[in-house]
Amino acid sequence: MALVIQKRLYFTDINPVASRFSIPISQIKTSTSFLTESETVDLEHGKAIDGQWNAVVQHNGLNVYDMVQLWSFRVGSNLCFALVKIDVPTSSSST
């Protein structure tokens, strides 16, 4: 299992019209590619990785500014992902 990205969700990530989870290449955490060569070529040619992102957002109650981690792993040759919502404690000020 490899951590792909930890990021805060923005409107574009939960917008049902866009139906996509943005993973900027510059923010990828894993030092090794989690994609096969053919998957990389597909992405370079504009082919998206299939998924039910809108259902994931709705089922997990994801909102703007939620912090999440995306982990990748394989079952056989199939690429799989695990999304973890991170509880970030809010800072409190003492008076």
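Mentor: Helices are DSSP runs of H or I with at least four residues, and strands are DSSP runs of E with at least two, numbered from the N terminus. This model is predicted. Its chain has 3 helices and 3 strands, and read along the sequence they follow the pattern β-α-α-α-β-β.

Trainee: What are the overall dimensions of the chain?

Mentor: The C-alpha atoms fill a box of roughly 55 × 30 × 25 Å along the principal axes. Of the 95 residues, 25% are buried. Among contacts between residues at least 6 apart in sequence, 57% join residues at least 24 apart.

Trainee: How many aromatic pairs are there?

Mentor: The count is 3 aromatic pairs. In one of them, the rings of tyrosine 10 and tyrosine 65 have centres 6.1 Å apart and planes at 85°.

Trainee: Why is the pair of tyrosine 10 and tyrosine 65 called edge-to-face?

Mentor: A pair needs ring centres within 6.5 Å, and planes over 60 degrees apart count as edge-to-face. The centres of these two rings are 6.1 Å apart and their planes stand at 85°, so the pair is edge-to-face.

Trainee: Which parts of the chain does the pair link?

Mentor: Tyrosine 10 is in the loop between S1 and helix H1 (11-14), and tyrosine 65 is in the loop between H3 and S2, 55 residues apart.

Trainee: How is the pair of phenylalanine 21 and tryptophan 53 classed, and why?

Mentor: Stacked needs planes under 30 degrees apart and edge-to-face needs over 60, with the rest called tilted. For phenylalanine 21 and tryptophan 53 the centres are 5.0 Å apart and the planes are at 45°, so the pair is tilted. Phenylalanine 21 lies in the loop between H1 and helix H2 (37-44), whereas tryptophan 53 belongs to helix H3, so the pair ties together parts 32 residues apart in sequence.

Trainee: How do you know whether phenylalanine 21 counts as buried or exposed?

Mentor: The cut-off for buried is under 20%. Phenylalanine 21 is at 16% relative accessibility, so it counts as buried. Tryptophan 53, at 12%, therefore counts as buried too.

Trainee: What lies over the face of phenylalanine 21?

Mentor: Lysine 7 does, at 5.0 Å from the ring centre. Leaving out residues up to four places away in sequence, phenylalanine 21 touches Ile5, Lys7, Leu9, Asp13, Trp53, Val68 and Leu70.

Trainee: Which residues have the most contacts inside the largest nonpolar core?

Mentor: Leu9, Phe21 and Leu62 do, in a core of 13 residues. Strand S1 (2-8), helix H3 (53-59) and strand S2 (67-75) each give two or more residues to this core.

Trainee: Which residues lie nearest the centre of the largest pocket?

Mentor: Phe21, Ile23, Leu43, Ile49 and Phe81 do, out of 29 lining residues. H2, H3 and strand S3 (78-86) each give two or more residues to that lining. The pocket holds about 1,000 Å³ of space.

Trainee: Why is asparagine 60 called partly exposed?

Mentor: Its relative accessible area is 42%, which falls between the cut-offs for buried and exposed, so asparagine 60 is partly exposed. Asparagine 60 lies in the loop between H3 and S2. Its C-alpha atom is separated by 26 Å from that of leucine 43, 17 residues apart along the chain.

Note on methods
Residues numbered from 1 in each chain as written. Predicted model: local features only at pLDDT ≥ 70, side-chain atom pairs only at ≥ 80, totals over all residues. Heavy atoms only, no water. Core = buried A, V, L, I, M, F, W, Y, C linked by side-chain atoms within 4.5 Å. Buried < 20%, exposed > 50% of the residue type's maximum accessible area, 1.4 Å probe, protein only. Contact = heavy atoms within 4.5 Å. Phe/Tyr/Trp six-rings, centres within 6.5 Å; stacked < 30°, edge-to-face > 60°. Lys NZ or Arg CZ within 6 Å of the ring centre and 35° of its normal. 1 Å grid on protein atoms, 1.4 Å probe; cavity = no way out; pocket = protein on both sides within 12 Å on 5 of 7 lines; lining within 4 Å. Points joined across faces, edges and corners; volume = space filled by probe spheres on them.
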